[in-house]
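Please read these points with the structure open beside you.

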Amino acid sequence: MRGMYIVTDFKVKAKANKAKLLRDISGSIMPMSAVAMIALAGMVGGGVDMSRAYMVQNKLQNACDSGVLAGRRAVQADGFNNAAKARANAFFGTNFDEANEGVSDTSFAATTPDEGNTVEGIATTTVDTVVVRLFGYEQVPLTVNCSASMSVGNSDVIMVLDVTGSMGGSISGGSSRIASLRSAMKSFYDTVDGAASGGNSRIRYGFVPYSSGVNVGNLILAQDASYLADTHTVQSREGIFEDTTVDTLAGYGDPYTVNDTGSNDSDYDYGSWVYFDGSYRKNRDCKNNIPADTNWTNSGGTTTSTVGPYINGSGQRVTETVTTQQQSRTEYTCTRVSRKNHWVIKRDVTRDYNETDSTIEDPVYATETVSTFTGDFEYKPRSDFDFASYKNGGSVTTPRTEADGLDGSSSWNGCIEERATTPAATFNFNSILGVTPASALDLDIDSAPTSDDDTKWKPVWNQVAYYRWNNSGSYTTSNTNNGSLASSTCPKAAQLLDTMTESEFDTYADSLNAGGNTYHNIGMIWGARMASPQGIFQDNVNEAPANGGDVARHIIFMSDGEMQPYSLLMGAYGIERIDRRVTANGTSQHAERHTERFLTACEVAKSKGIRVWVIAFGTDLTTDLETCSSDDSAFTAASSAQLNEAFQEIAKDVGELRITQ
């Protein structure tokens, strides 16, 4: 009751005071109070309307920023096209609802001054006032500007690229997969280069094309030639030869001389017959009166000549010295002139009289063993090839591997066999212990080789690599007389991280060709090695950029198929059916064993802070491929256009979208 009272007493007093004020004529308090109330209302009302306009302006700015960011992200190789503009408009509309904000005449326009690298926007709207409209201010127009561009910091990008045989096939859109890859790579470069334009950031690219092997030989040689073994066992063949004992000429004995005087006169010259003595009636009378032929007499100087040396019918080596003396004489005979008339006639004759001294050397024979090729080969492991010379280039002898069993020659194409490993079914990795089992040196990404050949890589000597099978046609690890040359594929040479001009990048992309089987593990192993800050290429990886900033590291792994190893290829793990470095028998769980290595290499790469991007091109994004990738870093591309989009999305993440206004 007490509280009610107080309230009643307050009301009574208030009414009395009000009446008293109205009757008071001593001043102008009432008019002044009215004016003050109007001013106060304007101030409060204006604050309310301006506060509302300020909140609308903030939302308009946020929507404008969202629109240009979305538009810039949607930019493709052909620039800020209609699709990108529609994307920008859609994001603006989602973030600014005219009806909910109580505004009108809202507009948004997005444009680009530089073919899409920067997207600029202008957004306007009108806010209807509530209070200050009483004072003639019915609307507040608002305008905001926004701009988004892509910039890029220091980035290293290793592209691990599937260039296996299937990449030569066509994809949706008509072009070959390898041609689509080349095009997407070039667009990727253009996008990142555009984002880096005008800045001081450093962008470097490295490449690991892979199939059943990788071509990293020159990179290893340049790092340290001792990292490649000088000896290695190759599944090869050797010609089979039969030994026979024969007497072979070893030389000649001491010379001796034999004289052969007069046994070789030559070059006779006969003069004309002339009459010598008067006629005889009978022939016998003529013959009884014929003078004797004169003796040969020397008629000039001598000449000397040499014949040989030559081998005669007895195998002797003969050298003849021939001294020639010209000689002459007169010869007589009868001739019948008529029936009862016979005459003695004569003629002069000359000749060369040869005196020959023969120097003779008798043959000396020795008994030796001669190997004769049988036409067959023994297929077996061999360790006698000159790997020390082979790894350094040039033509190297391949002893007794040719079709005729003789020595051949070959030179290295740059592909390597991996280090020693173990045929384990599973592998484990953690950042402290590394990969276990530790005997899987192929999965040791960082350690440099030691003096132990197991820790070293070996050149793939495919020219001397042979399969072998037994008489039933089954492949075997035993030595046999049956086999054939192993097939082998070596892709384009890998490249360490380096800055590249557009021309250099495009030239490399255009050099990629398709061939061979799919070994994801060997590609990822070497992608991780070439990107690792702690590995054998750390000097290259850790080279500080001139701007002194941090470096973001990326691996882009692109494949068009699942793991597809083939145990009869000569590749990074030898001839697996025979060498059995991955499986115990060369065939069981073959793909699974390689996949386990692939996934392990992915984990090693990610543990180093490298972001692993995966693109499944023309194939499903398998669990294995998705597992390999970093978070939110896997794409599926069913066509050339989608492959390009995937590369563009990665390029935008390698770069950085940001609001610039």
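1. The model is predicted. Start with helix α10, which has 12 residues and spans 17 Å from its first C-alpha to its last. That is close to the 16 Å expected at 1.5 Å a residue.

2. Is α10 mostly covered or mostly uncovered? It is mostly covered, with 12 of its 12 residues buried. Buried here means under 20% relative accessible area. The buried residues of α10 include H520, N521, G527 and R529, as well as M524 and W526.

3. The largest nonpolar core has 68 residues, and I416, M524, W526 and F598 touch the most other members. Helix α10, residues 520-531, gives the most to this core, with seven residues. As background, nonpolar side chains in soluble globular proteins tend to be buried together.

4. Which residues does F598 touch, leaving out those up to four places away in sequence? They are H520, N521, M524, F557, M563, D624, L625 and C628. Among these, H520, N521 and M524 are buried residues of α10.

5. There is also a second, separate core of 37 residues. Its members include A195, A196, F635 and A646.

6. Now turn to the second largest pocket, which holds about 210 Å³ of space. Its lining is made of 14 residues, and G434, V435, L443, D444 and I445 lie nearest its centre. The lining divides into nine nonpolar, two polar and three charged residues. Strand β18 (434-436) and helix α13 (590-607) each supply at least two residues of this lining.

Notes:
Residues numbered from 1 in each chain as written. Predicted model: local features only at pLDDT ≥ 70, side-chain atom pairs only at ≥ 80, totals over all residues. Heavy atoms only, no water. Core = buried A, V, L, I, M, F, W, Y, C linked by side-chain atoms within 4.5 Å. Buried < 20%, exposed > 50% of the residue type's maximum accessible area, 1.4 Å probe, protein only. Helix = DSSP H or I, 4+ residues; strand = E, 2+ residues; numbered from the N terminus. Contact = heavy atoms within 4.5 Å. Expected span 1.5 Å × (residues − 1). 1 Å grid on protein atoms, 1.4 Å probe; cavity = no way out; pocket = protein on both sides within 12 Å on 5 of 7 lines; lining within 4 Å. Points joined across faces, edges and corners; volume = space filled by probe spheres on them. Nonpolar A, V, L, I, M, F, W, Y, C, P; charged D, E, K, R; others polar.
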